[in-house]
Amino acid sequence: MTIKAHGNLAPSRSLSKPEEWTFKPKSYPHFDAFLSEAEARALAADASRVAAHTFYPFLRYHQRWTKFSEKGVSGVPKERPIRFAGRADSYIFSYYRHLLCAPFEKELKARGLDHSVLAYRRVIGADGKGQCNIHFALEAVRVIRAMGDCCVIALDISSFFESLDHERLKQKWCSLLGVSRLPADHYKVYQAITSYSVIDRDELFERLGYIGPKYISRTGEPINGYLVEQSLIPRQLCTGKEFREKIAGGNGQPSLIKRHWKPYGIPQGSPISDLLANFYLLDFDTSIKAKVDELGGRYFRYSDDILIVAPVEPEAALELEEWVRAEIISHGPKLRIKREKSAIFHYEGSGEDQSWSRIVGEQGTNGLEYLGFRYDGRNMLLRDSTLSGLQRKANSSAKRMAITLLKRFPEKTTDQIMSDFNLSGFLQRYGRVRDFESKADDVRNWTFWTYATRAASLTAPLGLPIYRQLRNYRQNMRAHLKRALEKRRPV
């Protein structure tokens, strides 16, 4: 049945072809049972079942790290809440993302935004292959070099996903479908992604007995840890009855469910959130691009990262930046540009060597920083915080590998283990680049090492200095592993 413009609430299966949807099995621990591909497809493609579906709360954990800092200065601890949906819920979100992709891509092309809005979508290069952030950063640098005398405005949207206004999101969703009211199935998905609930994963595992007192601190206080191997935690955490009794407060225990009541914000981490955030800003992108086009410049947005390159003087760039700040507020009362992550650069000259100066901002002390790279007027390099991320991964991976090697070779000395260890093979496989999955054809199998070396290759000759940045990486990795072995070896 075809959706009509007057707001028919009929199922919306005509928007795309179900057989084009890519099924990705979900095997992580959650509340619902494992679904076969056939079962998942039957559920997600049945509009009436989706409209009647009951969504479980998201599970939430926090990804923590320390921001890059100069030597001798303590880094600022950072954390990002990651939420993931139940298996059936995730398949539905993924399928409806698929349904919305085609009209979204059509709208991008109609507005001339298909080479400006870059994140969370498949962008095909001249070679017919998918592009990723490396290509996008290189294109921005090429634009700067070709433009010569220009200003570059780098902006960052504050708490992007958490700031999306629900009513505006619904209106834009309707506009994308060409209806005045969301069909029943789409409305159910909209409700699930706006009026959602979360349960803290550690609190849940503690309630179920998988986490509990395991260690004693120096002061005698108990420290929680996993009481079972994480691989032994069942894929279905509990039955529906157990969920109501143990988790939702049915047996007198406090409920672990926390409801999101605010009229804005969607959970980052669901399969559909990235697309919703992208099309939420369609009108904003259209407005900014029109303004930048009038100036003879280029506009790029990669999720919450905005980059504007325009052949204007610094005074005009400052005015343009303020205009963008004011413009984004008109597209959502909670949307803001982060002052502390904004910067304006002035580049002069063209060709092999450009001089540059930073007009305003705290970011980019060594040149423009964009999508994990920096441009200093001559070369493209990995930015410092990207390298610090590499070292974090090296440290954590070395610790895990040390534990494995000591269990496997308890009789060998540290030097013997190090001499037999295949460092090259380890470097090729550790540390998946999760941030860039699905942005290019082959990125899903990249590790940080392959990502860094590929970046140097793809951006050559501009990016050849990246090899110099990585010159001591092998020695650093070996040192990390040796320290980890010595620290964890039983006395």
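# Questions on a predicted protein chain

Reader: What percentage of the residues in the protein chain are buried?

Author: The chain contains 17 helices and 14 strands. Buried here means under 20% relative accessible area, exposed means over 50%, and partly exposed lies in between (1.4 Å probe, protein chains only). Of the 491 residues, the buried share is 47%.

Reader: With which residues is Trp173 in contact, leaving aside its neighbours within four places in sequence?

Author: Contact means heavy atoms within 4.5 Å. Trp173 belongs to the largest nonpolar core, whereas a second, separate core of 16 residues includes Leu59, Ile199, Leu204 and Leu237. Beyond its sequence neighbours within four places, Trp173 meets Leu100, Leu182, His186, Val189, Tyr190, Ile272, Leu276 and Phe279.

Reader: Why do the buried residues of helix H1 lie on the same side of H1?

Author: In H1 (residues 37-44), the buried residues are Ala40, Leu43 and Ala44. They share a side of H1 because the arc that they cover around the axis, taken from the directions from the helix axis to the C-beta atoms, is only 90 degrees.

Reader: Against which helices do the buried residues of H1 pack?

Author: The buried residues in question are Ala40, Leu43 and Ala44. Their packing partners are helix H2 (47-52) and H3.

Reader: How is the lining of the second largest pocket divided between nonpolar, polar and charged residues?

Author: On a 1 Å grid over the protein atoms alone, a pocket is an open set of points with protein on both sides within 12 Å along at least five of seven lines, a cavity is a set where a 1.4 Å probe fits but cannot get out, and lining residues have an atom within 4 Å of a point. This pocket is lined by 17 residues, with Phe55, Tyr56, Pro57, Ser195 and Ser197 nearest its centre, and the largest share, three residues, comes from H6. Ala, Val, Leu, Ile, Met, Phe, Trp, Tyr, Cys and Pro count as nonpolar, Asp, Glu, Lys and Arg as charged, and the others, Gly among them, as polar. The division is nine nonpolar, five polar and three charged.

Reader: How much space lies in the largest cavity?

Author: The whole structure holds one cavity of 30 Å³ or more. Its lining consists of Ala137, Val141, Leu368, Glu369, Tyr370, Phe373, Arg374, Tyr375 and Met380, with at least two residues each from H4, strand S12 (368-370) and strand S13 (373-375). Grid points are joined across faces, edges and corners, and a volume is the space filled by probe spheres set on them. For the largest cavity this space is about 40 Å³.

Reader: What is the relative accessible area of Leu371?

Author: Leu371 is placed in the loop between S12 and S13. Although not a glycine, Leu371 has a positive phi of about 55 degrees. The residue is buried, with a relative accessible area of 10%.

Reader: Which residues does Ser116 touch, not counting those up to four places away in sequence?

Author: Ser116 occupies the loop between H3 and helix H4 (133-147). It is buried, at a relative accessible area of 4%. The residues touched are Lys289, Tyr299, Phe300 and Arg301.

Conventions: Residues are numbered from 1 along each chain as its sequence is written. This is a predicted model: local features need pLDDT of at least 70, side-chain atom pairs count only at pLDDT 80 or more; totals for chains, interfaces and linings use all residues. Side-chain values use heavy atoms; hydrogens and water are left out. A nonpolar core is a set of buried Ala, Val, Leu, Ile, Met, Phe, Trp, Tyr and Cys residues joined through side-chain atoms within 4.5 Å. Helices (H or I, at least four residues) and strands (E, at least two) are DSSP runs, numbered from the N terminus.
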